[in-house]
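Hi,

Here's the structure I promised to pass on. Have a look, and my notes on what turned up are just below.

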Amino acid sequence: MVSQKKQKEWDAKAKLAKKKSASGGIKFDDDKPDYSLLPPNALEDVVKVLTYGAQKYDRNNWKKLENLDDRYFAAAQRHLWALQKGETFDDETGIHHGAHAICCMMFLVEYNYLQNTKPKV
């Protein structure tokens, strides 16, 4: 059973949502991450890099490296400097250097989470 307080909160949200909605539909997702903000072409290139790496090495192989933080930081730098020098696409994969750099940075962020917190996924 829903408490009266929670029901009043939902009713107030619904009233506000109906004012915002041209069709009258309601979904309480204003406080949730908006994945529609991800740029689709860049995201697709990042996924291509990840897929290439999984095929070349192994799925999640990146987690097994020694000195992972130093190595992926260096790899991100190499890809960013290639862009800075005017090279758009990686010679080996044909995929944008920026997507490679993003993957390296994602690995570093994920590694940080795995080292410092229990993963939620």
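First one for you: is Cys-103 buried or exposed? Cys-103 is buried, with a relative accessible area of 2% (buried is under 20%, exposed over 50%, partly exposed in between, with a 1.4 Å probe and protein chains only). Cys-104 counts as buried too, at 6% relative accessibility.

Before the rest, some housekeeping: this is a predicted model, where local features need pLDDT of at least 70 and side-chain atom pairs count only at pLDDT 80 or more, while totals for chains, interfaces and linings use all residues. Residues are numbered from 1 along each chain as its sequence is written, and side-chain values use heavy atoms, with hydrogens and water left out.

Back to the cysteines. A disulfide here is a pair of cysteine sulfur atoms within 2.5 Å, and the count by that rule is 0. Cys-103 is in none, its nearest cysteine sulfur being that of Cys-104, 7.0 Å away. That is too far for a bond.

Now the largest pocket, at about 880 Å³. A pocket is an open set of points on a 1 Å grid over the protein atoms alone, where a 1.4 Å probe fits, with protein on both sides within 12 Å along at least five of seven lines; lining residues have an atom within 4 Å of a point. Points are joined across faces, edges and corners, and the volume is the space filled by probe spheres set on them.

There are 31 lining residues, with Gly-53, Tyr-57, Trp-62, Tyr-72 and Phe-107 nearest the centre.

Cheers
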